[in-house]
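Thank you for making the time this morning.

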Amino acid sequence: MSGSFEKSVKGGTKIKLAAPKAKYVEHILIATHAGEAGVAEIFRALQNRLRDSTWTIVFKALIIVHLMVREGEPRVTLKHLAETPSKLAISNFSDVQVQGTNIRHYYSYILARAKAFRDTKIDWVREGQGRLKKQTVDKGLLRETESIQTQINALLKCDVSTSE
C-alpha cells in the first residue's frame with residue numbers, strides 16, 4: 001500500500017509547472033479516509049518532496065497537503081499536522097526568488113491553520129461558520145478570535161497574483 005502512495009506523491013509533485021494531476025490527488029485523498037495511518041504514510045512520502053531544492057516540487061507538495069486538509073476526510077490531516085508540525089518542514093528558499101517567498105508564506109499559512117486547529121479543535125475554514133456569534137468570553141471567545149486572526153494574517157501574506 002505504501003508503494004502506491006509513494007508513486008502518487010511523486011506523480012503529483014513532478015517538476016513540471018502545472019497543477020498536480022487529479023488521478024494522483026484522488027489516490028492521495030483516499031489515504032485520508034484510512035485515518036491517521038493513511039495520512040502518516042502520505043507524509044512519509046511527502047517529506048523528501050517538501051525538502052527538495054526545486055520550488056515547483058515543494059509548491060506542489062504544499063498544494064497536496066492543502067488539498068488533503070480541504071477535500072480529504074475532515075480533521076484527519078489537520079490533526080496529524082497539529083500533533084507533528086515538523087512533518088511539514090520545507091527547504092530554505094532565498095528572498096531573491098519571488099516563489100521562495102511565496103512558498104514560505106504558503107507554508108506558514110498551512111502551519112497556522114494546523115496550530116489553530118490544535119489550539120481550538122476547530123477547522124475554522126470548514127466548520128467554524130457562525131461559531132463565534134454564539135461564543136462567550138468565558139468559553140474562550142478571545143482565544144479563538146486570536147487564533148483565527150493569526151490564521152488570516154498568514155493567509156494574507158500569500159501573494160498569489162505574482163506572474164512568475
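Let me begin with a contact between two side chains: that of His80 and that of Glu36 make a polar contact at 2.5 Å. Please keep in mind throughout that what you see is a predicted model.

Where does His80 sit? His80 belongs to helix α5, which covers residues 76-83, and with a relative accessibility of 5%, below the 20% cut-off for being buried, His80 counts as buried. If we set aside the neighbours within four places in sequence, the residues in contact with His80 are Glu36, Val39, Ala40, Phe43 and Lys87. Several of these names come back when we turn to the pair of helices around this residue.

In general, two packed helices are described by the angle between their axes and by the distance between the axes. For helix α3, residues 36-50, and helix α5, the axes come within 9 Å and cross at roughly 65°, and the crossing is right-handed. Which residues make this contact? On the α3 side they are Glu36, Val39, Ala40 and Phe43, while α5 contributes Val76, Thr77, Lys79, His80, Leu81 and Glu83. Sorted by class, the contact of α3 with α5 has five nonpolar residues, two polar ones and three charged ones.

As a general point, side chains of opposite charge can pair when their charged atoms come close. Because Lys79 and Glu83 are four residues apart in helix α5, about one helical turn separates them. Lys79 is partly exposed, at 40% relative accessibility.

The next salt bridge joins the side chains of Arg70 and Glu71, with an N to O distance of 2.3 Å. Are these two residues buried, exposed or partly exposed? Arg70 has a relative accessible area of 44% and is partly exposed, and Glu71, at 39%, counts as partly exposed too. A further salt bridge is made by the side chains of Asp119 and Arg118, at 3.1 Å from N to O. Here Asp119 is partly exposed with a relative accessible area of 42%, and Arg118, at 37%, also counts as partly exposed.

Let us now move to helix α6, residues 98-120, where Arg113 is found. Is Arg113 buried or exposed? Arg113 is buried, since its relative accessible area is 4% and the cut-off for buried is under 20%. The side chain of Arg113 makes a polar contact with the side chain of Asp123, at 3.1 Å. Not counting residues up to four places away in sequence, Arg113 touches His66, Val69, Leu78, Asp123, Val125, Arg126 and Gln151. For a sense of scale, Arg113 and Asn48 lie 65 residues apart in sequence, and their C-alpha atoms are 22 Å apart in space.

I would like to finish with the loops. Thr54 lies in the loop between α3 and α4, and with a relative accessible area of 24% Thr54 is partly exposed. Beyond the residues up to four places away in sequence, Thr54 touches Ile15 and Phe93. Thr54 and Ser91 are 37 residues apart along the chain, and their C-alpha atoms are separated by 9.0 Å.

The last two residues concern the backbone. Most residues other than glycine have a negative phi. What is the phi of Arg75? For Arg75 the value is near 75°, which is positive in a residue other than glycine. Arg75 is found in the loop between α4 and α5, and at 34% relative accessibility Arg75 counts as partly exposed. Lys121, likewise a residue other than glycine, has a positive phi, near 60°, and its place is in the loop between α6 and α7.

Conventions:
Residues numbered from 1 in each chain as written. Predicted model: local features only at pLDDT ≥ 70, side-chain atom pairs only at ≥ 80, totals over all residues. Heavy atoms only, no water. Helix = DSSP H or I, 4+ residues; strand = E, 2+ residues; numbered from the N terminus. Buried < 20%, exposed > 50% of the residue type's maximum accessible area, 1.4 Å probe, protein only. Polar contact = N/O pair within 3.5 Å; in protein donor to acceptor, adjacent residues only side chain to side chain. Contact = heavy atoms within 4.5 Å. Salt bridge = Lys/Arg side-chain N within 4 Å of Asp/Glu carboxyl O. Axes fitted to C-alpha atoms, helices over the stretch in contact; angles between N-to-C directions. Left-handed = near helix turned anticlockwise from the far one by under 90°. Nonpolar A, V, L, I, M, F, W, Y, C, P; charged D, E, K, R; others polar.
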